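The stops below are meant to be selected one after another.

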Amino acid sequence: MASLVRSGSTASKIICGTNQQLPSNIGASLAASPKTVDVSSASTTPYSMQKAVTVPARQNSLFTNNIAVKGVNVTSRRLAHTDVSFPDFSKYRRESTLDASKPARDTEDPRRALPVAVYYGVGGMMSLWAGKEVIQTMVAYKAMAADQRALASIEINMSDIPEGQTKTFEWRGKPVFVKHRTKAEIAREKSVNVADLRHPQHDDERVQKDEWSVVIGVCTHLGCVPIANSGDFGGYYCPCHGSHYDGSGRIRKGPAPLNLHVPAYAFKDSSIVIGSN
Amino acid sequence: STMLSRQAVRSAHAAARSAAPATKAPEQSTKLPSGLTVASVENNGPVAHLVLAFRAGSRYENGQQAGLVHHIRNMVGSDSKQYGGVQLVWSAAAAGSEIHSFSTPDYLGVRLSVPRDSSTLALSVLGHIAADPAFKEWELEDVLPTLKHDLTYLRTSDLVFEDIRRAAFRNGSLSHPLYASDFTIGKYSGDELRRFASSRLVAGQAVLYGANIEHERLRGYGDVHAPLKAESGSSAAASPYKGGEWRREGPGSLAHVVIAGQGAAAGDAAGLAAQAVLVASLGAGNALKFGAPAAGRGTLAGFSKQGDVGVSAFEQTFEGEGLVGAYVLASSSRVAEAVKGVARALKTFAADDLEAAKKRAKMDILRKAAHSADAATSRSMEILAGLKEGAVLAAIDNVTGSQVESAAKKASSNLSIASYGAIANVPYRDQL
């Protein structure tokens with residue numbers, strides 16, 4: 001092994017070989033041999049000396065004089081495992097737990113911060129959500145039944161109604177007239193003077209598409225159901241008190257005060273959905 | 001009432017006295033067709049001592065396998081081929097049993113002591129843990145530290161008695177150590193252990209001995225249920241006494257020295273009897289616990305009276321060979337004269353007060369047979385050596401002074417010496 005030696009003002013580096021300048025016994029390990037003491041013959045009184053020879057020489061009978069005996073189950077061996085060293089896990093422990101003299105209770109809070117956060121934080125959010133689900137289910141139970149709600153809107157196939165015809169449908173317990181108007185009817189309704197009407201509404205206000213007129217079939221006077229395609233104005237006629245409605249459902253003659261109510265409806269592909277919610 | 005009248009009690013005592021004295025039931029022995037020897041003795045004790053021993057001691061290792069039997073001995077209690085080790089040991093322990101595995105240079109075995117009532121379960125456990133080990137590699141790895149513990153707890157006397165065999169038998173098989181050494185622990189793979197076990201742990205080389213168990217039950221187990229291979233196995237290679245010395249420096253200020261010469265072989269009852277009388281005559285310190293050392297009698301007893309020296313005669317026997325001599329513990333300054341004195345005592349041994357020595361020898365044998373556990377282990381090894389029950393004890397009565405002296409002469413003619421500790425002053429073999 002190369003070593004650097006300084007001596008005074010010179011420094012010489014030994015590349016190999018022993019360093020001759022060091023004392024010769026450096027590094028020689030003095031192995032201390034354990035001294036075994038023959039304790040059996042430590043005492044030198046005549047009695048002990050004589051006993052020390054008589055016992056080995058004469059104790060046993062002739063054939064067992066030179067016997068080596070091993071007891072197999074004469075003592076109980078307790079295996080203490082004192083050769084097993086418990087490994088040091090300090091590198092893997094939390095710093096707060098390294099001091100064995102501090103009670104665990106003192107370091108409990110920071111140690112338990114993460115599990116507590118997970119339990120109450122995430123768990124809390126999940127409980128709130130679950131609570132919301134429960135309450136919404138209860139509330140929805142008390143709300144309108146699904147089958148009833150299904151009747152809230154009806155779909156009418158437009159191809160079912162040829163031009164010039166009016167068909168009646170039931171919606172929310174009331175009759176609805178769906179009229180497929182011809183071009184002549186449309187032009188007639190649009191040219192009516194709004195100022196002459198009892199309930200002034202232009203036809204554009206009452207239809208989304210000109211050829212389709214959707215009105216609730218309940219007379220605004222006292223609630224009878226008018227008859228479609230009758231009356232003097234090419235619309236509806238209420239037989240109860242003689243109210244005449246035109247092709248747009250507006251009151252023209254008779255006791256009714258208001259035009260026939262136009263429900264909320266929408267066009268969906270080739271059908272009309274009345275009562276879109 | 002007159003149920004316990006004085007007269008009635010006296011006559012009951014008289015009747016008991018005149019009745020035949022309680023005799024020990026003789027040992028029952030059967031040789032099974034598989035080659036297994038089954039023997040049992042009924043002492044009417046509450047604890048059954050069951051021993052399954054094999055001729056699989058350290059002498060059956062080959063030259064490169066020193067310490068292999070130590071591995072096998074310590075693996076007793078691990079998994080067997082059919083059952084898990086924990087299963088076996090725990091079920092036995094739950095029944096109240098105590099299991100020891102043992103080995104000598106000649107033999108390897110397992111003793112299981114269990115309350116009589118649970119002896120059926122214990123017997124089946126014994127068969128599996130002693131005769132059918134699996135030596136699984138991961139269990140062997142787990143057991144190796146126990147071998148290291150065994151070495152740590154070795155006493156100096158164990159060390160020096162291993163060395164005397166190294167000195168006496170040189171590189172013969174009887175010199176193989178009972179314990180593995182630091183560099184042989186873990187040297188043997190499971191395969192090597194299994195190979196050793198399959199060649200040595202066979203019925204023809206085994207004895208199943210039970211104290212306090214019915215012979216029929218033991219025989220039935222040995223015949224039908226014991227997981228023993230019905231092979232005869234090979235006999236041991238001879239390891240003749242050569243003589244030599246072994247010196248080992250060690251810590252402390254004392255020197256442990258064993259001086260030994262050739263002794264009687266294990267199957268030779270008459271020789272063992274003479275050797276026993278020789279050892280009793282030489283002296284071995286006080287047999288009683290806490291007894292004063294001065295009360296020890298014998299030729300060698302005089303050395304210990306000087307203080308700073310402890311001397312005890314010892315004997316060991318193996319199949320085909322034996323050792324007899326003395327174990328000396330002395331401070332470095334006294335060891336030379338102590339060792340030379342002991343060698344001189346052996347060489348110039350004269351049998352005086354033979355009857356006292358015989359009585360002491362018999363007393364020694366009987367005292368050591370008093371505890372059934374050790375007696376069971378010992379008897380199982382005697383059966384493998386080919387000794388009949390009480391043969392040595394009976395032969396002591398017929399020992400003559402000349403037999404004892406010739407035993408001493410045989411030993412002292414070629415002495416071996418092994419020493420450990422502060423051995424600077426321990427004499428060499430040619431200085432004895």
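Now select Lys179(A) and look across to strand 7 of chain A, where its bridge partner is Ser213(A). Next take Val176(A), which stands opposite Ile216(A) in strand 7 of chain A. In total, 5 bridges join strand 6 of chain A to strand 7 (residues 212-216) of chain A, and the two run antiparallel.

**Strand 7**

Select residues 212-216 of chain A. Which residues lie on each side of strand 7 of chain A? Trp212(A), Val214(A) and Ile216(A) are on one side, Ser213(A) and Val215(A) are on the other, and all are buried. With 5 of its 5 residues buried, strand 7 of chain A is therefore largely enclosed by the rest of the structure.

**Strand 6 and its other neighbour**

Select residues 174-180 of chain A, which form strand 6. Here 6 of the 7 residues are buried, so strand 6 of chain A is also largely enclosed by the rest of the structure. Turn to strand 5 (residues 166-171) of chain A: 6 bridges join it to strand 6 of chain A, and these strands run antiparallel. For one position in this pairing, select Thr168(A), which stands opposite Phe177(A) in strand 6 of chain A.

Go next to Arg172(A), in the hairpin of strand 5 and strand 6 of chain A. The hairpin has 2 residues between the strands, and Arg172(A) takes a positive phi near 50 degrees.

**The sheet as a whole**

Show the strands together: they make an open sheet of 3 strands in chain A, in the order 5-6-7, with antiparallel pairing. Strand 5 and strand 7 of chain A stand at the edges with a single partner strand each, so one side of each has no neighbour in the sheet. From one strand to the next, the twist averages 20 degrees.

**Confidence**

Finally, colour chain A by pLDDT. The average for chain A is 84, and 83% of the residues score at least 70. Then select residues 18-35 of chain A, where pLDDT stays under 50. For this stretch the model has 4 contacts beyond four places in sequence. Where pLDDT is low, the predicted coordinates should not be read in detail.

Note on methods:
Residues numbered from 1 in each chain as written. Chains lettered and ligands numbered in written order. Predicted model: local features only at pLDDT ≥ 70, side-chain atom pairs only at ≥ 80, totals over all residues. Heavy atoms only, no water. Buried < 20%, exposed > 50% of the residue type's maximum accessible area, 1.4 Å probe, protein only. Helix = DSSP H or I, 4+ residues; strand = E, 2+ residues; numbered from the N terminus. Pairing = 2+ DSSP bridges. pLDDT = per-residue confidence, 0-100. Contact = heavy atoms within 4.5 Å. Axes fitted to C-alpha atoms, helices over the stretch in contact; angles between N-to-C directions.
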